[in-house]
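Here is a short briefing to read with the structure open beside you. Take the topics in any order you like.

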Amino acid sequence: MIEQIYIEDSVREHPTTLRVCNQFPKASIVSIGRYGEVFNRSNQNFRLQKKKSALILAEKQNETVLPTPSNYTIGGSKNYYFSHMLNCLYDCRYCFLQGMFRSANYVFFVNDEDFKKGLQSVLDQESANSEEPVYFFSGYDCDSLALEKITQFTIHYFPFFRENKNAMLELRTKSSNIRPLLSVPPLPNAIIAFTMSPEPIAKEVEHKSASTLRRIQSAKKLAHAGWRIGLRLDPLIYHENWKENYSLLLDQLSKEIPEESIHSVTMGPMRFPKAMFHRIQELYPKDPLISGPLHSDGKNVSYEKSIEMEMHAYCKELLSNYYSENRLFCYEV
Amino acid sequence: MNQGDICIVTAFMLEAETFIHNLGLKQETVFREYPTFIGEDEGIHYTVLISGLGAFRMAQMIAWAFGKTLVRPSTSIINIGIAGHSNLEFGQIFKANKCVSSFSNETWFPPMVLKDSLIQSSLYCVSKPETDYKLAGGYDMESAGFFSAISKFGIPELCHAFKVVSDNPQNSWRDLNKSEIPMIVEKNISILMPLFKELGNLSRNELDLSTEHPAYDIILKKAHFSKTQQFQLSKLLKRWDTYFPHSDPLDKLGNPVNSKQWLQKLTAKLDFPMPSKFSP
């Protein structure tokens, strides 16, 4: 699966580096100074690299844990994210990563010990004057579970959250790779959040990801095992028969996943910063999603306000039929 | 349908002979600056260019080829030639996965998107033939010029350096018989041909994506479009192609009198809030 591994000199002897190299004995190894030499180089083609992404093993320097944008919440007021990985196995056409990063290679920061120090530091700081839980989001710049076989995220990071009950962890994924979660006792302070899209969208837009049905089945199994589930209808995609498709999706979700297992349900519009959208448009000039009825307000590119509002109102109404108000977090349009 | 486009660049005729013969290329006499050979094979357009010795000449030739439109951004440009190597055997082919310039200390990492099982190696670009092979890897005299130029003008994912080992610690470059060069390149042609095919396909896909809608040139002749407007027209027509693949915009837009009207009418048609169609 991985045929090319770039390794920063500083982590060449790191135990995780040695483990990953053992996992891929046939991969070609290239030594690099800093990951930016490969990852941030100008004139790279994200679309072509997506055909065969390489793995970059690197050391995360400076800040490991950062505050989320102000509206990024699932109920808490103290929200942070950390990215042990940059980029994703999947190839979702709406994903901001394809417009944000020049390279489609996966960067895996192997120094989890520094991330845990960062998490502890933020937690100590935030807990000094308040007992309110602190939320940490891990799936901001990657899919939390898709490359679990390589990252072993659950092995490296779960002990921290087991010891720190006041730290909430959101794992966000489109993967059905739940075996690592089923093999350990559920973490009461973790939310396994699945991006859920109508099946035609999963198939035609969320390339290489698990089908909607498999995601639902995975969420169901986890719920039965005692894990708390998050449902993320984000972004809402305007497409032919969208009303029927979102109704069907919500119907399936409510039948398969018991409401008491649901921690939170969020939904949000599809929006791109203008410059990012133009980069994506250059990569995929004839893609139906990118060619869709999108509109620029000078700063962001999104569906026409009327479409956004109609979808927001319709899906909010749908969600409120199935889930109690305190579980719903709908980003306003 | 567009054709894949490959340009093979070498330092010497001896390194290029194999390709010229096997692909049936003919010399293009219009260009006197560099020996140039052109032809087609299995739906791929090939150009072979010979730069002469050294990284500077290689970079200069690639820039020249872009200037003469012998190559374009979607062309797969491939540097093939002989190289010394610290540990690979004489005649072994390898692909450069890292190129280090001994003149500037610059480093390039060619993106590895091909489905091949070629041996990979670092490649050090030096100013004279290597005798010590102190650093593990290959040694050549053109690759820094090659990577420097393609990183500016080309699509790096489509551009690669393949080298055949001509000398190593056991076989000095001084003992290399020139007549052996075409032979060791020829021995690797069966490895290279499938890669050419793959690169040709990738090149064709890139060209397809950048090819303008058939109506683009016709509309440009009907009104004066500024550069910005040409760019807007190009984007709108590509969206048109996605929305209405079987419909000719010239039939649907009436007779706009100027560029502004053309863009307005196209925008109006495309901004009608119809949902994207995805097959279930």
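Predicted model: local features only at pLDDT ≥ 70, side-chain atom pairs only at ≥ 80, totals over all residues.

Chain A supplies the helix pair, in which α11(A) and α13(A) pack with their axes 10 Å apart.

**Two packed helices in chain A**

- Helix α11 of chain A covers residues 242-256, helix α13 of chain A covers residues 305-322, and the angle between them is about 25 degrees.
- An angle under 35 degrees counts as roughly parallel, so α11(A) is roughly parallel to α13(A).
- The crossing of α11(A) and α13(A) is right-handed.
- On the α11(A) side, the contact is made by Trp242(A), Lys243(A), Tyr246(A), Ser247(A), Leu250(A), Asp251(A) and Ser254(A).
- On the α13(A) side, the residues are Glu310(A), Met311(A), Tyr314(A), Cys315(A), Leu318(A), Leu319(A) and Tyr322(A).

**Aromatic rings around Tyr140(A)**

- Tyr140(A) forms a stacked aromatic pair with Tyr81(A), at 4.2 Å centre to centre and with 25 degrees between the planes.
- Tyr81(A) sits in strand β5 (residues 79-82) of chain A and Tyr140(A) in the loop between β9 (134-137) and α6 (148-151), so their pair ties together parts that are 59 residues apart in sequence.
- Tyr81(A) has a relative accessible area of 15% and is therefore buried, the cut-off being under 20%.
- Tyr140(A) also pairs with Phe96(A), this time edge-to-face, with 6.3 Å centre to centre and 65 degrees between the planes.
- Phe96(A) belongs to the loop between β7 (91-92) and α4 (97-100) of chain A, so its pair with Tyr140(A) joins parts 44 residues apart in sequence.
- Phe96(A) counts as partly exposed because its relative accessibility is 28%, which falls between the cut-offs of 20% and 50%.

**A ring cluster in chain A**

- Tyr35(A), Phe39(A), Phe82(A), Phe101(A), Phe109(A), Phe115(A), Phe153(A) and Tyr157(A) are linked into a cluster by ring pairs.

**Chain B as a whole**

- Chain B has nine helices and 10 strands.
- The C-alpha trace of chain B spans about 75 × 45 × 35 Å along its principal axes.
- Of the 280 residues in chain B, 55% are buried.
- Among chain B contacts between residues at least 6 apart in sequence, 70% join residues at least 24 apart.

Key. Residues numbered from 1 in each chain as written. Chains lettered and ligands numbered in written order. Heavy atoms only, no water. Axes fitted to C-alpha atoms, helices over the stretch in contact; angles between N-to-C directions. Helix = DSSP H or I, 4+ residues; strand = E, 2+ residues; numbered from the N terminus. Parallel < 35°, antiparallel > 145°, perpendicular 65-115°, else oblique. Left-handed = near helix turned anticlockwise from the far one by under 90°. Contact = heavy atoms within 4.5 Å. Phe/Tyr/Trp six-rings, centres within 6.5 Å; stacked < 30°, edge-to-face > 60°. Buried < 20%, exposed > 50% of the residue type's maximum accessible area, 1.4 Å probe, protein only.
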